[in-house]
Amino acid sequence: NAGVMQNPRHLVRRRGQEARLRCSPMKGHSHVYWYRQLPEEGLKFMVYLQKENIIDESGMPKERFSAEFPKEGPSILRIQQVVRGDSAAYFCASSKADGTDTQYFGPGTRLTVL
Amino acid sequence: GDSVTQMEGPVTLSEEAFLTINCTYTATGYPSLFWYVQYPGEGLQLLLKATKADDKGSNKGFEATYRKETTSFHLEKGSVQVSDSAVYFCALSGLGKGAQKLVFGQGTRLTINP
């Protein structure tokens, strides 16, 4: 039973380019969460999605960041016109249901902006 | 808002020593509490959890008890091993709107020397 899959594992972009991060949840999981981890810090919630719906995006920066979880395919976190401050590890987690259900994390995508 | 405060690291111990990593929280109501572990270059793995007051979560020799009266969820292990070296994160999942997101502490880096 495969866990949460994320790709790419490492992504290098120049300032102004776009970054696309992908997350495939565990089999049977329909809820996806994105978190960002800045160097030497804890994880900060960004967005919570169900299939075709954004449920909570209270942690997403107001500009340049967007997320989707289409009916078919992985969840995508998209960062437009990246800046050096976007360099971080981005983790995806999935769960069967919301509320008290346990979230299982992927290995993360480490984004470096040059 | 909800928050988690962890004992600052780094923590360095010798093999077979007793471990305590303190964690206290602030939340509305009675959240679920978690400890996650992050090994170098990897994502977060759920170590243990507790969903109501006085519950004890345990796994791989680690334990933590949900203490409502002190709003704490301290992580303990009686005899640590070199393989326990990692970063440990305390987290909560609240109730009500936004309940689904995890709120993390800043993490505690643990190094065990042989």
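In which sense do β3(B) and strand β9 of chain B pair, and over how many bridges?

**View 1. Strands β3 and β9 of chain B side by side.** In this predicted model, β3(B) and β9(B) (residues 75–77) run antiparallel and share three bridges. Strands here are DSSP runs of E, at least two residues long, numbered from the N terminus, and two of them pair if DSSP finds at least two bridges between them. Look for B:Leu19, whose bridge partner in β9(B) is B:Lys77.

**View 2. The open sheet of chain B.** Four strands line up in the order β3-β9-β8-β7, with antiparallel pairing. β3 (19–21) and β7 (56–59) of chain B each have a single partner strand, so one side of each lacks a neighbour in the sheet. From one strand to the next the twist averages 15°, with axes fitted to C-alpha atoms and angles between N-to-C directions running from 0 to 180 degrees.

**View 3. Where chain A meets chain B.** Here 22 residues of chain A contact 20 residues of chain B (heavy atoms within 4.5 Å). About 1600 Å² is buried between the two chains, 52% of it from carbon and sulfur atoms; this is the accessible area (1.4 Å probe) lost on putting the two parts together, summed over both. On the chain A side, β4 (31–37) and β5 (43–50) each supply at least two of the residues that touch chain B.

**Notes.** Residues are numbered from 1 along each chain as its sequence is written, and chains are lettered from A in the order in which they are written. Local features need pLDDT of at least 70, while totals for chains and interfaces use all residues.

Notes. This is a predicted model: local features need pLDDT of at least 70, side-chain atom pairs count only at pLDDT 80 or more; totals for chains, interfaces and linings use all residues. Side-chain values use heavy atoms; hydrogens and water are left out.
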